[in-house]
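Dear colleague,

Please find below the structure that I am handing over to you. My notes on it follow directly after.

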Amino acid sequence: MVKVKKIDITGYLLPVMIINLKESSIISVPSQIGCMIDCSFCISKDSKFIRSLNKEEIIKLVDEGRKHATNQKILISFTGEGEPFLNLKAINQVMEELSDDKDIYRFRICTSGIKPNLLKNIKPTKIPINLQFSLHSPFDEKRKEIVPKTKKISAIFNEMKENEHLFDEIAINYVLIKGFNDTEDDLQ
């Protein structure tokens with residue numbers, strides 16, 4: 001079951017998504033108020049960037065999400081509104097502060113590949129960290145149409161390879177968009 005709760009942070013209602021699975025819960029928290037990346041497929045494109053959240057605000061969002069989690073085994077996902085790598089200092093602080101929490105079994109950082117050179121700045125924690133990269137097209141020109149501030153795919157993959165030791169898992173997210181990235185060439 002998926003729940004979305006709007007949590008007030010300094011007068012802004014920020015979405016926290018709670019996905020309750022059979023054996024675990026995922027709590028997806030934003031890292032910013034609004035977003036400046038303007039990915040065409042993302043709901044955040046309609047939210048004007050205001051500012052990055054601080055550690056305390058992100059932890060408040062996690063705590064509010066936990067109130068609706070049905071499992072004690074929890075994955076904290078830094079996704080949703082904002083690009084986590086544009087607020088990496090706070091993300092690292094949150095992971096460090098929560099790294100002794102016995103109920104959190106994993107962190108996940110989701111990115112559109114805006115700042116791949118910052119992958120090396122992820123601070124390891126006692127809890128495994130996953131990376132999820134939103135690809136959506138294997139072609140740089142095409143990808144730039146939907147993620148206008150992206151870096152070249154080869155640069156992103158090179159940084160992921162160089163820093164793979166920081167992550168328990170690296171996943172590639174590829175959302176099919178009818179008539180855009182669903183051709184045989186795209187899928188090959």
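I begin with strand 3 (residues 25-29), where five of the five residues are buried, so this strand is largely enclosed by the rest of the structure. Here buried means under 20% relative accessible area, exposed means over 50%, and partly exposed lies in between (1.4 Å probe, protein chains only). Helices (H or I, at least four residues) and strands (E, at least two) are DSSP runs, numbered from the N terminus.

This is a predicted model, in which local features need pLDDT of at least 70 and side-chain atom pairs count only at pLDDT 80 or more, while totals for chains, interfaces and linings use all residues. Residues are numbered from 1 along each chain as its sequence is written, and side-chain values use heavy atoms, with hydrogens and water left out.

Both faces of strand 3 are covered, with S25, I27 and V29 buried on one side and I26 and S28 buried on the other. Strand 3 pairs with strand 2 in the antiparallel sense over four bridges; two strands pair if DSSP finds at least two bridges between them. S28 is the bridge partner of M17, and S28 has S77 as its bridge partner in strand 6.

V29 also belongs to the largest nonpolar core, which has 39 residues; those with the most contacts inside it are V29, I76, F78, F107 and I122. A nonpolar core is a set of buried Ala, Val, Leu, Ile, Met, Phe, Trp, Tyr and Cys residues joined through side-chain atoms within 4.5 Å. Helix 2 (residues 88-98) gives the most to this core, with six residues. Leaving aside neighbours within four places in sequence, the contacts of F78 include V29, I58, I91, V94 and F107, contact meaning heavy atoms within 4.5 Å. Another core, of seven residues, lies apart from the largest one and has C35, I37, C39 and V147 among its members.

K55 is placed in helix 1 (residues 55-66). With neighbours within four places in sequence left aside, K55 is in contact with A90, Q93, V94 and E97. K55 and A90 are 35 residues apart in sequence, yet their C-alpha atoms are 5.0 Å apart. The side chains of K55 and E97 make a polar contact at 2.9 Å (a pair of N or O atoms within 3.5 Å; within protein, one must be able to donate a hydrogen and the other to accept it, and residues adjacent in sequence count only if both atoms are side-chain atoms).

The structure holds two aromatic pairs. In one of them, the ring centres of F133 and F157 are 5.9 Å apart and the planes stand at 80 degrees, so the pair is edge-to-face. Rings of Phe, Tyr and Trp (its six-membered ring) pair if their centres lie within 6.5 Å; planes under 30 degrees apart count as stacked, over 60 as edge-to-face and the rest as tilted. Since F133 lies in strand 8 (residues 129-134) and F157 in helix 4 (residues 153-162), the pair ties together parts that are 24 residues apart in sequence. F133 is buried at 0% relative accessibility, whereas F157 is partly exposed at 35%.

T10 is in the loop between strand 1 (2-9) and strand 2 (12-20) and is exposed at 55% relative accessibility. H136 lies in the loop between strand 8 and helix 3 (140-146) and is buried, with a relative accessible area of 1%.

With kind regards
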